[in-house]
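Please look through the sequence and the structure below.

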Amino acid sequence: MQKVLDEAKARMEKVVEAAKRELSTLRTGRANPALLDRVEVEAYGTKMPLNQVAIVSVPEPRMIVVQPYDKSTINAIDKAIRIADLGFNPASDGNVLRIAIPPLTEERRKELVKVAKKICEDMRVAVRNVRRDSNEALKKLEKDKEITEDDLKKGQNEVQKLTDDYIAKIDGILADKEKEIMEV
């Protein structure tokens with residue numbers, strides 16, 4: 001029974017980490033290197049993540065600087081950022097790309113909050129799916145006479161407690177992200 005609970009906890013923890021990762025790529029009013037995590041650059045005959053061909057830094061709150069390791073890739077990086085449809089317009093001086101982060105409109109902020117809520121709802125569903133799988137595993141253990149009916153009930157209660165805890169964590173992450181998006 002403990003194995004089922006440990007596995008459920010590990011899977012739920014992964015869901016929370018995935019939620020954090022997904023939400024970090026959402027644009028807020030501030031510069032954040034994670035905004036460019038999804039950008040893939042066509043360089044050296046293959047598509048590569050931006051962070052493998054350049055250093056991404058944030059020297060000021062509304063500015064991202066992308067410094068390529070190889071100056072010959074600067075045009076490919078510029079093109080990749082524009083194609084990524086993040087609403088950014090990089091400015092190049094031949095050595096580095098500077099990306100000014102424009103302030104978000106109220107309408108755009110509300111759209112981003114909706115996107116964040118959808119991401120978190122998907123993550124809550126994933127946690128509930130882990131709960132379902134764990135309860136089925138516990139029922140199978142009881143059916144195979146490896147645990148008693150009392151152990152089954154106790155295990156299901158533990159799984160429900162884990163589910164509630166991890167859904168609360170996701171809700172907390174969403175509340176923080178919502179606050180971050182809506183602040184001017």
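Does Ser134 count as buried or exposed? Ser134 has 4% relative accessibility and therefore counts as buried, a word for under 20% relative accessible area, with exposed meaning over 50% and partly exposed in between (1.4 Å probe, protein chains only). This is a predicted model in which local features need pLDDT of at least 70 and side-chain atom pairs count only at pLDDT 80 or more, while totals for chains, interfaces and linings use all residues. Residues are numbered from 1 along each chain as its sequence is written, and side-chain values use heavy atoms, with hydrogens and water left out.

Ser134 belongs to helix α3; helices here are DSSP runs (H or I, at least four residues) numbered from the N terminus. Apart from neighbours within four places in sequence, Ser134 is in contact (heavy atoms within 4.5 Å) with Val4, Ala8 and Val159.

Helix α3 spans residues 106-143 and helix α4 residues 149-182. Their axes, lines fitted to C-alpha atoms over the stretch in contact, come within 10 Å and cross at roughly 170 degrees. Angles run from 0 to 180 degrees between N-to-C directions, and those over 145 count as roughly antiparallel, so α3 and α4 are roughly antiparallel to each other.

Leaving aside neighbours within four places in sequence, Met123 is in contact with Val15, Ala18, Ala19, Glu22 and Ile170.

Methods. Helix = DSSP H or I, 4+ residues; strand = E, 2+ residues; numbered from the N terminus. Parallel < 35°, antiparallel > 145°, perpendicular 65-115°, else oblique.
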